[in-house]
Amino acid sequence: MEFVHLCPIWDKLSPAHQQLVSSAIVPKTLGKGAVLHDGSTDCAGLVLIKSGQLRAYILSEDGREITLYRLLDQDICLFSASCVMRSVQFEIMISAEKESQVFILPPYIFKKIMEESAPLANYVNELMATRFSEVMWLIEQIMWKSVDKRLANFLLEESALEDSDTLKLTHEAIANHLGTAREVVTRMLRYFQNEGYVKLTRGTLEIIDREGMENLVND
């Protein structure tokens with residue numbers, strides 16, 4: 001599937017802008033673990049995910065990570081072009097969680113069209129509002145939800161993403177997603193296993209009481 005079929009506002013762009021995008025768009029394959037965007041000093045451009053899965057996260061001064069949101073098929077990665085939006089400066093890292101096929105629109109082309117096209121400018125504003133809402137939701141979770149509820153919610157979301165109750169995740173990887181220490185995750189997973197929510201094996205865990213975990217999240 002080509003960029004023109006994936007871009008949500010393609011039909012709203014002028015023929016001149018469509019031609020400009022078509023001549024500048026660059027397809028790229030990202031291997032698992034590849035870093036697409038490395039903080040505010042980096043500017044890859046506007047990225048549309050054809051297939052795969054990207055992760056947007058931030059790093060603390062001591063190197064601790066926390067996932068802000070995921071980007072899946074047909075999502076648009078806006079903050080990889082943060083240099084275009086001068087009022088937006090985020091130290092966000094973006095990497096590929098799976099091998100991903102993406103289309104990249106260079107930042108100077110993105111900036112030119114956004115300055116000239118009201119439909120694109122409006123879409124960018126809507127997308128920024130959506131991402132802001134996702135980050136605010138995360139902040140609420142961190143402030144008001146206990147670690148066990150956040151962990152249970154993460155495992156259920158991960159299960160939905162992978163379409164499987166068996167997840168190949170290290171305790172370190174889970175800690176990076178949640179912004180907590182590996183030891184905290186290990187202790188909590190052992191508690192989950194004792195409660196019969198999950199079964200732990202080396203490098204994997206299996207959800208065996210989905211209803212119980214859902215009740216924990218919603219309690």
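Helices (H or I, at least four residues) and strands (E, at least two) are DSSP runs, numbered from the N terminus.

**Figure 1. Overview of the predicted model.** The chain's secondary structure amounts to 8 helices and 11 strands. Taken along the principal axes, the C-alpha atoms fill a box of roughly 60 × 35 × 30 Å. The chain has 219 residues, of which 46% are buried. Among contacts in the chain with a separation of 6 or more, 70% are between residues 24 or more positions apart.

**Figure 2. The open sheet with strand order 1-8-3-6.** This view shows 4 strands with antiparallel pairing. Strand 1 (26-30) and strand 6 (76-77) are at the edges; each has a single partner strand, so one side of each is without a neighbour in the sheet. Strand 3 and strand 8 are joined by 5 bridges in the antiparallel sense. Leu-46 has Leu-105 of strand 8 opposite.

**Figure 3. The largest nonpolar core, of 24 residues.** The members that touch the most others are Phe-3, Leu-48, Leu-105, Phe-110 and Leu-120. Two or more residues each come from helix 1 (3-6), helix 2 (15-24), strand 3 (46-51), strand 8 (100-105), helix 3 (107-116) and helix 4 (118-144). The biggest contribution, 4 residues, is that of helix 3. In soluble globular proteins, nonpolar side chains tend to be buried together.

**Figure 4. Surroundings of Phe-110.** Leaving out residues up to four places away in sequence, Phe-110 touches Leu-46, Leu-78, Ala-81, Val-84, Leu-105, Leu-120 and Val-124. Another core, of 21 residues, lies apart from the largest one; Phe-154, Leu-167, Val-198 and Val-217 are among its members.

**Figure 5. Ser-117 in the loop between helix 3 and helix 4.** The relative accessible area of Ser-117 is 5%, under the 20% limit, and the residue therefore counts as buried. Apart from neighbours within four places in sequence, Ser-117 is in contact with Leu-13 and His-17.

**Figure 6. The open sheet with strand order 2-7-4-5.** Here, too, the view shows 4 strands, and their pairing is antiparallel. Strand 2 (35-38) and strand 5 (65-71) are the edge strands, each pairing on one side only. On average, neighbouring strands of this sheet are turned by 20° against each other, direction ignored. Strand 2 is joined to strand 7 (residues 92-96) by 3 bridges, and the two run antiparallel. His-37 has Ile-94 of strand 7 as its bridge partner.

**Figure 7. Helix 6 across strand 4 and strand 5.** Helix 6 (residues 171-178) lies across strand 4 (54-59) and strand 5, and runs at about 80° to strand 5. Its buried residues are Ile-174, Ala-175, Asn-176, His-177 and Leu-178. The buried residues of helix 6 pack against both of these strands, and also against helix 5 (147-162), helix 7 (182-194) and strand 11 (204-207).

**Figure 8. Thr-186 in helix 7.** Thr-186 has 10% relative accessibility; the limit for a buried residue is under 20%, so Thr-186 counts as buried. Between Thr-186 and Thr-170 there are 9.5 Å in space, C-alpha to C-alpha, and the two residues are 16 apart in sequence.

**Figure 9. The crossing of helix 5 and helix 8.** The axes of helix 5 and helix 8 (residues 210-218) come within 8 Å and cross at roughly 130°. Helix 5 passes helix 8 in a left-handed crossing. On the helix 5 side, the contact is made by Asp-148, Lys-149, Ala-152, Asn-153, Leu-155, Leu-156 and Ser-159. On the helix 8 side, Arg-210, Met-213, Glu-214, Leu-216 and Val-217 take part.

Definitions and conventions:
Residues are numbered from 1 along each chain as its sequence is written. Side-chain values use heavy atoms; hydrogens and water are left out. A nonpolar core is a set of buried Ala, Val, Leu, Ile, Met, Phe, Trp, Tyr and Cys residues joined through side-chain atoms within 4.5 Å. Buried means under 20% relative accessible area, exposed over 50%, partly exposed in between (1.4 Å probe, protein chains only). Contact means heavy atoms within 4.5 Å. Two strands pair if DSSP finds at least two bridges between them. Axes are lines fitted to C-alpha atoms, for helices over the stretch in contact, and angles run from 0 to 180 degrees between N-to-C directions. A crossing is left-handed if the near helix is turned anticlockwise from the far one by less than a right angle, and right-handed if clockwise.
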